[in-house]
Amino acid sequence: MSKSHPGINTICTHIGELKDTQYKGAISPLYMSTSYAFEDVEVKRYPRYFNTPNQVGLAKKIAALEHGEAALIFGSGMAAISTALLAFLKSGDHVVLQNTLYGGTSNLVVEEFEKFGIEYSFTEDLKPKSFVAQIKENTKVIYIETPSNPLLTITDIKAVAEIAKTHNLVSMIDNTFASPVNQNPIDFGIDVVIHSATKYMGGHSDILAGAVIASEKHIDSIFQLAKNFGGSLSDYTVWLLERSLKTMGLRVKAQNKNAKKLARFLEAHEDVSQVYYPGLKSHPDYALAKSQMHGFGGMLSFELKEGLDASQFQKELKLIKPSMSLAGVESTILSPTLTSHALLTPEEREKQGIRDGLLRFSVGIEEREDLRADIEQALKALKAKEVTLS
Ligand SMILES: *Cc1c(COP(=O)(O)O)cnc(C)c1O
C-alpha cells in the first residue's frame, strides 16, 4: 500500500462517495434496497453481506481514514469488537488484553468467552513487558485501547505491534477515543483497528455503529464470521454516517483545541486536584502520546478537591450536560463512580484509580469561553451551597 494519503478533510469529504448518475445530485444517493438482481451481475448484493452500494462506499472512506486496505461497518461498536475478536479466536486459544478496557469489552470477555472455550489474561499494567508476560503457547490475539477510559492512559502502539509480530499474534486496537483524526495505528504495524462509530465518527449523538479496518486478508476472515453473526448496519444509518464523517476532521480538531485549553485551565484551578489529559506535560505519558498521536483528543478527566461534591457539581452546570455517552459536538460530563463504574466496590475503584471526585469530560465544539464560564459558575454555586450548609 502506498504511504501517501490525501489529507484528512479530503478523505472525509470525498473518498467513497457514490455518484448520482441519474440526476447529478451533489451527494451520495441512498440505496435502501434489501433485494438486488442476482442474474447477470458480478456481485450478489444483500445488506447482511456488507456489500450494498452505500456500505461499500462508506467502507472505502473509513479504510482510507485509517490508512488500511479494507473495512467493514457494523451495527454497533460492540458488534465490531465481538466479531473481530471471535474471527481470530477459537476454542482452546488465548487472548492477552490490556487491563484498562471499555466496560462493554471486558464484559464480553469475562461473561462470554468461557462458553466458547477461549482463555484470556489481562495485563498488570500498560508496559510493553507486561503484555509479553501474559503471552502463552496458545495465545493468538493481543488487544489494546489507547487513550483509555476514563483516565486517559496511553499504551505504546508500536511496541505492542512489534510484540505481536515477534510472537505471530494478531494485534487489535480500539481506536475510538482518539478517532482516525488523531491516531492511525496501522501506520505503527497494528493489524486490526476497531471503532465505536457511535462516538467521534458519528459525532452528533444520533448514530449507533461500529467499524473494523485491516488488510484485505484480515477483513475477509472477519467477514466470514460477520455474515453469519449478522451484525451489519441499516443503509439509512450508513448514509447518515457518511454525511457525519464529512465534518469529522473539523469537529475533532476543534475538540482537540478546546480540550487542551480547558485541561490547562482546570490544571491551574484551585478547586481541581488532578487533571488527566495526554496533551498536558504533567501527564506521565505525554512524550509517548506525542509520538503516536496527531492531536490529543477531546476527552479529559479531572478530580475536584476533596470536600467538593462531584455529583452536585454536575447539577450546577448549565451548558455542559451530564450524559452517559461521549464524543458528540455538545459537551457532556459523567461521574464514573455513579455510572460506568458504579457496580465496582469502592476498593476496586480505588485500585483502578477512580475516586469519587472524578469527572469524565467529553469536550464539544462550543466556544471555549462559554465552557470555561460554565465550569466557573458551577464551582461558585457549589461552594456557596456548601458554605450555607456548614
Ligand atoms: C462506546 C464504546 C464502545 C462500544 O461501542 P457501541 O457503539 O456502544 O457498541 C467500545 N469502545 C469504546 C472505547 C467506547 O467508547
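**Salt bridges in the predicted model**

Let me begin with Glu270, which counts as exposed because its relative accessibility is 57%. Please bear in mind that this is a predicted model.

What does Glu270 pair with? Its partner in a salt bridge is Lys383, with the closest N and O atoms 3.6 Å apart.

Glu369 and Arg372 form a salt bridge through their side chains, at 3.3 Å from N to O. Why are these two separated by about one helical turn? The reason is that Glu369 and Arg372 are three residues apart in helix H14. Arg372 is partly exposed, its relative accessible area being 26%.

I turn now to Lys115 and Glu112, whose side chains meet in a salt bridge at 2.5 Å, N to O. Is Lys115 buried or exposed? Lys115 has 64% relative accessibility, so it counts as exposed. Glu112, at 26% relative accessibility, counts as partly exposed.

Beyond these pairs, there is also a network of salt bridges, which links Lys90, Asp93 and Lys140.

Finally, the overall count: how many salt bridges are there? The count comes to 11 salt bridges. Thank you for your attention.

Terms used
Residues are numbered from 1 along each chain as its sequence is written. This is a predicted model: local features need pLDDT of at least 70, side-chain atom pairs count only at pLDDT 80 or more; totals for chains, interfaces and linings use all residues. Side-chain values use heavy atoms; hydrogens and water are left out. A salt bridge is a side-chain nitrogen of Lys or Arg within 4 Å of a carboxyl oxygen of Asp or Glu. Buried means under 20% relative accessible area, exposed over 50%, partly exposed in between (1.4 Å probe, protein chains only). Helices (H or I, at least four residues) and strands (E, at least two) are DSSP runs, numbered from the N terminus.
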